[in-house]
Amino acid sequence: VKTRTSHGAVSDIGQIWAISNGETATFKLYAAMFYPYRNTDTFIDIVESNKDCLDEIKMLSDLCAIYESGLNRLEELYGTNCCHAICMVHARRYLREALELAPDLLDIYALLLPRPGSDLELVDPQVFARNLELFNKDPEQLAVPKKLRRTLTEIEKLGLLWYFDVNQLFAIERYVKTLIADHCSEEYRNTLLKMRHELSVKFMTNIGHIVDTLIKYYDCVIIKQGSNGNVRYQSKSDIPISKALIYWANAWSMLCCFLDDPTIEISNNEVERLFRRIALAKKCSMFFNGSDGAQAFALLHSITNNCLLNGINIEAYILWLICNIQRRLVQDKAAIMAELKKFNDAGKATTPGKFLVMPHKRKVEQIDADGQKQKISYDLFDIDNNQTIYDMVDITGLLPQDYKALLDEHRLAA
């Protein structure tokens, strides 16, 4: 997230995080939030804000150190049962980038498929392997254009087989999704788990053999022995595929997590697609007017995406939400004013003595330990600043899933 200062300079003010539950969940949940830093403490804070997550966490992400260290700390603090799975799209990206550096290699890959675009479908691996051998031995039989004809190296051949196996993993997932429409059903989970055990395991086994072969026998990476006895890999600048090998070797156990658990998705593409709206909005507006604007945008983005994910009319839900907040303000006015008076007496209320006033930035003077006056600025979303009536409203039963449940109840009654 970037902002433009009063002098016209551009500066980074933080990051917007996005999290979502799995596609097998009955109600899809999505949350975007702004934080000034991307570190382990931020990750811990996000998880701690949802107490339901502290018993068990199944997380799908990229291979970022802050997630692993954050999960380890949660296990120490709360005894959380953590499962960290790696997104296959992030892993495939390293491999694709390596293949793109070789001359026409991705065009050759498309030519080796049984028919154009069939990398999106389940394909017999033996057909692809046969075509790969024919490419070097008898390109005429494959009708290879002259500009693509060349002798593939063993590393290139293994890279193409590796890329084919990864794409077949996605084809398996896509096949089950088209086979069963209800992704929340027990039938879908059972079918997905069966397909993963029957097919996905074989492709992952093949990938494991390819990675081991390239590391051990083709000298694609530098192997170093750490002082603690652990093996470390270092990439070679002259071998593009070495970065992909290191990523897959280091994340192997986490890449295999999806095989035995149908609630773990193979990729976090769904969240990435939802997050695209943030990227497009940022591209259009270029900057946020400070951290308050970024946080407000993240909150609105959370509401709209939760509605879109669950087939809820956004405008109808927001109107229903505002009306219910107003009704609860009127019903609970006496109790809210009594609570607000406590903050008035403590000097923490944003608008002492006033009722229907929106929260806003403020500056206050406080006496420090040395008896000196000190001015403190509170942002709009600062936890010590949000002491208005709107923070004292009970929002139980006002979430998008509550609105959807209410609509379903009325439909059944009708």
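Start by selecting Ala143, in the loop between α5 and α6; helices here are DSSP runs (H or I, at least four residues), strands are E runs of at least two, and both are numbered from the N terminus. Ala143 is not a glycine, yet its phi is positive, at about 55°. Its relative accessibility is 56%, so Ala143 counts as exposed (exposed is over 50% relative accessible area, buried under 20%, partly exposed in between, with a 1.4 Å probe and protein chains only).

A word on what is on screen: this is a predicted model, in which local features need pLDDT of at least 70 and side-chain atom pairs count only at pLDDT 80 or more, while totals for chains, interfaces and linings use all residues. Residues are numbered from 1 along each chain as its sequence is written, and side-chain values use heavy atoms, with hydrogens and water left out.

Next, go to Asp104, in the loop between α3 (88–101) and α4. Asp104 also has a positive phi, about 60°, without being a glycine. Most residues other than glycine have a negative phi. Asp104 is partly exposed, at 36% relative accessible area.

Time for salt bridges, each a side-chain nitrogen of Lys or Arg within 4 Å of a carboxyl oxygen of Asp or Glu. The whole structure holds 13 of them.

- Select Lys58 and Asp261, joined at 2.7 Å, N to O. Lys58 sits in strand β5 (residues 56–61) and Asp261 in the loop between α9 (252–255) and α10 (269–285), 203 residues apart. Lys58 is partly exposed at 43%, whereas Asp261 is buried at 16%.
- Move to Arg96 and Glu100, whose side chains meet at 3.4 Å, N to O. They are four residues apart in helix α3, so about one helical turn separates them.
- Finish with Arg149 and Glu140, paired at 3.0 Å, N to O. Arg149 is partly exposed at 31%, while Glu140 is exposed at 55%. Elsewhere, salt bridges with shared partners join Glu133, Glu154 and Lys157 into one network.
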